[in-house]
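Open the model in your viewer and keep the selection tool handy. We'll hop from stop to stop, with a note on what to look for at each one.

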Amino acid sequence: MPPISLNVNGRSIDVDADPQTPLLWLLRDELGLTGTKFGCGRGFCGACTVHVDGVATRSCTLTTERAAGRRITTIEGLAATNGGALHPVQQAWLEHDVPQCGYCQAGQIMTAASLLNRTARPSESDVATAMNGHICRCGTYIRIREALQRAAQLRAGSDDTGGDAS
Amino acid sequence: MRTRRDVLEDAKRGVIVAPMEQDGAARSAHATTTRRDFIAAGLAATGGLIVFVRSDALAAEPHGPFQGRAGFPREYVQVDPDGGVLIWSAQPEMGEGTRTSLPMIVAEELDADWARVRIDDAPMDPKYGGQGVGGSDAIRSDWDRLRRVGATARALLVAAAAAEWRVPPGECETTPHTVHHRSSGRSAGYGTLAAAAAMLQVPPDVALKDPTAYRLVGTRRAGSDNLKIVTGAPLYGIDVRIPGMKYAAIAKCPVFAGRPRRVDAAAARRVPGVRDIVEIPGLDNPTFLMPGVAVVADTTWAAFRGRDALVVEWDEGPYAQESDATLTTQFNQILAAPPATLHNSGRVDDALAGAARVIDNTFSFPFVSHVTLEPHNCTAEFRDGHLYLRGPMQMPTNARGIVARATTLPPDRIHVQATRIGGGFGRRLMSDYAAEAGYVAMTIGGAVMVVDNREGDLQHDYYRPASLQRVRAGVDAAGRLVAWDHIVASCSRNAYRKDPRAPHSTEVYGCMVGAVQTVAQMDPDLKPMRIPNVRLRFGAPLTGVPTGAWRAPAHVANAFAIETTIDELAAAVGRSAVDLRLEVLGETADIPRAGNERSPYDPARMRAVLIAAAERGRYAEPAPEGRARGIAMHETFGSYCAQVVELSVAAGRNGQRVVTIHRVTSVADVGQMVNPGTLEAQTQGGIIDGLGAAFYGSVPIVNGRAVPRNFGDYRMIRFREAPLAIDAHFLPSRAHPTGFGEPPLPPVAPAVANAIARLTGVRIRSMPFIRAGFVLG
């Protein structure tokens, strides 16, 4: 098999892998990027969400082949898309003490960041549509709702360039 | 009868009579025990002060892993010369905030500056062995000991300063991280005093702070791992990586209690990356180690694909014909002739016959899965004759014992380190995953992570027991509750795991009984009520379905039956549902007390919580147009909670009725609050979990197997369905603190059902509510 070229968190990487391997497992088991979590393997829960060309995408159902050549950002690389400082979503998650067990939060944060990168002032309905694809087993939904609004405020205050930051 | 406390004490010491229950929540700090904790201090490797707790019983326990050791330090605080404070808390963290709340207690008494506190979850020196305790009610059990540790460290620092200044220690005081002698104007930071403090004798008794002086306890503090969580740092069991490690997925018989008969692994071995096949015979107790076939591979994905390619002929065992229907038949037989009478006061049959009004309700509850979002996993490395385990272990000491059984290694060659846990809810009280990892690692002679996918997790859980219950209750002509006849037919966790205790003891938590005269008569899990005629009966079916504790075990089902029946009775006789509850709750004096043993249950606290919830939730006022309010209360493991739910119901698709929860007002008494931020989070999370399980949670059984495969057919509550508002209130109290990981769950489902009944006239008597056509909106 020829190596597959990936761009992960700004680094170009050639990997020897079965092209059908879900990106999730390549990230976790081959590249050591364990921040992206395995929850269901079928796209139901959102724990494995990464950005592909800036758009929140389930890495458990995206094959490595289809990820090739695209810009992949994982939770470990999110701050780098914000100039190295925590992304406003990460900052708001800290301010609102969102995590309980914390296992789903990387995926929640990636979707929230993708939403804000495209919609600076999301409506309640935008937020519900984006976040409903995620399961938080601990039930942090209320703090996620609050933190997401705070993140939008932070982002408006700190970043007036708009556009796709990832 | 062995009490839950006995078992908890055993579990803490590493005795594995039975795997530990979630009922750690009921662990009591004053439990009668021969164990003696004592506090010691010394010089830390950093040149600072270290203060820790030793327990002599751990060393003496013949079944424990630490025999022969001169005491096992269970937690400590270390003050470094640079002023840094390190606190190690031995309790596992699953999202309930222990890794923040417990260190807060130590830091409070130490009078430490929280910003300079680091928290570690591992012993600094491997000679200490590993973490030794578990249980879900960390604060309740550890409150006294953690305060003493912090206060001892503070006293030593004060003594060191006083010696240096040649002043009496009693003239010194502290502000965070600093000792002062006001009259001479001298002060010194903790770091500069640490080395001198390490040379001093530990005082036999130290004064604890007056609660009015608390600076940290009672204030909101964010989770200590939050930064790591939001940046994706490795924290969880599934993130453990060891160079050269393998990944293994285990095929288990889809029929409960079955085992492999013949294995054809040829196709599995052809899957790229698959390295080995390991047959696991299992142990006689399936809560320790289930039989199966492990496929060992270079990556998780290869292990899953290899497992899919296995061809296994299964011996399906004795339960292949079991289904919901066969269980219901057994449940109905138990309701018709209950085998065990647990309580019988007054003359229930006569009272029911003479009652002015009788309600006769049957309630059914399905099996429910834990579905922790971090799937089943554990990593083990076999090296130089020793096994090193790392994983999401709630019960590290039990895990060591169970791994010893599974591998026949002596416990002193098994080293366990717990990681942060991606959700527990009761599932991680079992240590089967540790046994699997240990067994496979030893067989292949290397490092391996045993990991399962969501399908395997749903098919091989230890489910919340299904039950069928009947409550007959009667009121007299004045509307007073005079008769209560409750039959619980429930799968028994004790029966499943071959626990010698009676099968009912884990399944009747929170049930009502009548008057009891002595403490000895009072099971701490039953609630004496002021009802003159009460009977409680129980029976368990024979089943192959694995069962275990699920968050607020048994309380959720029992509170639903009790709290909806009381509500229905009140409505039937035109009385306030609050007044009727207050009448039957009785007074503190109704509960016998002995010596200095605190009562596990105080009706006065439940009354205060109920009254406050009714007021704050405006239960007695008319709800806005199109909405209704419902109320319910319950005491779980020492914490009291009542909730008022305000909801509306709209027509949905396919004839479903869509319930919008506008507000949940929760009032609780947890004694002294430690971290209000965590208490609020647990209120929100517990209510949302309770709603999700009530509306959707169900694992049907067909042909001896669990039906659900993944979140596509095991529905979870989602973002859009969460209540629009949750108000979390806590009554001010200086009482001994109790936990809140579980207590917010039991009241919410009956409060919702009671509100739905008020609004629509429909009385829901079965979970999941979706079967009655109700979904969340």
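Is the crossing of α3(B) and α4(B) right-handed or left-handed? It's right-handed, which here means that the near helix is turned clockwise from the far one by less than a right angle, anticlockwise being left-handed. Before going on, some housekeeping: this is a predicted model, in which local features need pLDDT of at least 70, side-chain atom pairs count only at pLDDT 80 or more, and totals for chains, interfaces and linings use all residues. Residues are numbered from 1 along each chain as its sequence is written, while chains are lettered from A and ligands numbered from 1 in the order in which they are written.

**Stop 1: the helix pair in chain B**

Select residues 98–110 of chain B for α3(B) and 138–165 of chain B for α4(B). Helices (H or I, at least four residues) and strands (E, at least two) are DSSP runs, numbered from the N terminus. The two axes come within 6 Å and cross at roughly 35°; axes are lines fitted to C-alpha atoms, for helices over the stretch in contact, and angles run from 0 to 180 degrees between N-to-C directions.

Now show side chains. On α3(B), the residues making the contact include Leu102(B), Ile105(B) and Val106(B); on α4(B), look for Trp143(B), Leu146(B) and Arg147(B), among others. Contact means C-beta atoms, placed from the backbone, within 7 Å. Colour this contact by class and you get 12 nonpolar, three polar and five charged residues. Ala, Val, Leu, Ile, Met, Phe, Trp, Tyr, Cys and Pro count as nonpolar, Asp, Glu, Lys and Arg as charged, and the others, Gly among them, as polar.

**Stop 2: chain B as a whole**

Zoom out to chain B, with its 19 helices and 31 strands. Of its 777 residues, 59% are buried (20 or more other C-beta atoms within 10 Å of the residue's own, with C-beta atoms placed from the backbone; 12 or fewer is exposed, and in between is partly exposed). Among contacts between residues at least 6 apart in sequence in chain B, 76% join residues at least 24 apart.

**Stop 3: where the chains meet**

Next, pick the interface: 47 residues of chain B are in contact with 46 residues of chain A. On the chain B side, α6 (226–230), α8 (300–309) and α18 (676–695) each give two or more residues. The largest share, six residues, comes from α18(B). That side has 23 nonpolar, 16 polar and eight charged residues.

**Stop 4: chain A**

Chain A has six helices and five strands, running β-β-α-β-β-α-β-α-α-α-α along the sequence. Buried residues make up 60% of its 166 residues, and its C-alpha atoms fill a box of roughly 45 × 35 × 25 Å along the principal axes.

Colour domain 1 (4–77) and domain 2 (83–158) of chain A separately; the bounds come from an automatic or database domain assignment. Their C-alpha centres lie 20 Å apart. Their contact takes 15 residues from domain 1 and 12 residues from domain 2. On the domain 1 side, β3 (49–52) and β4 (55–58) of chain A each supply at least two residues, and β3(A) gives the most, with three.

**Last stop: α3 of chain A**

Finish at residues 88–95 of chain A, where six of the eight residues of α3(A) are buried. Pro88(A) and Trp93(A) are among them. Just after this helix, click Asp97(A), which takes a positive phi of about 50°.

Notes: Two residues are in contact if their C-beta atoms, placed from the backbone, lie within 7 Å.
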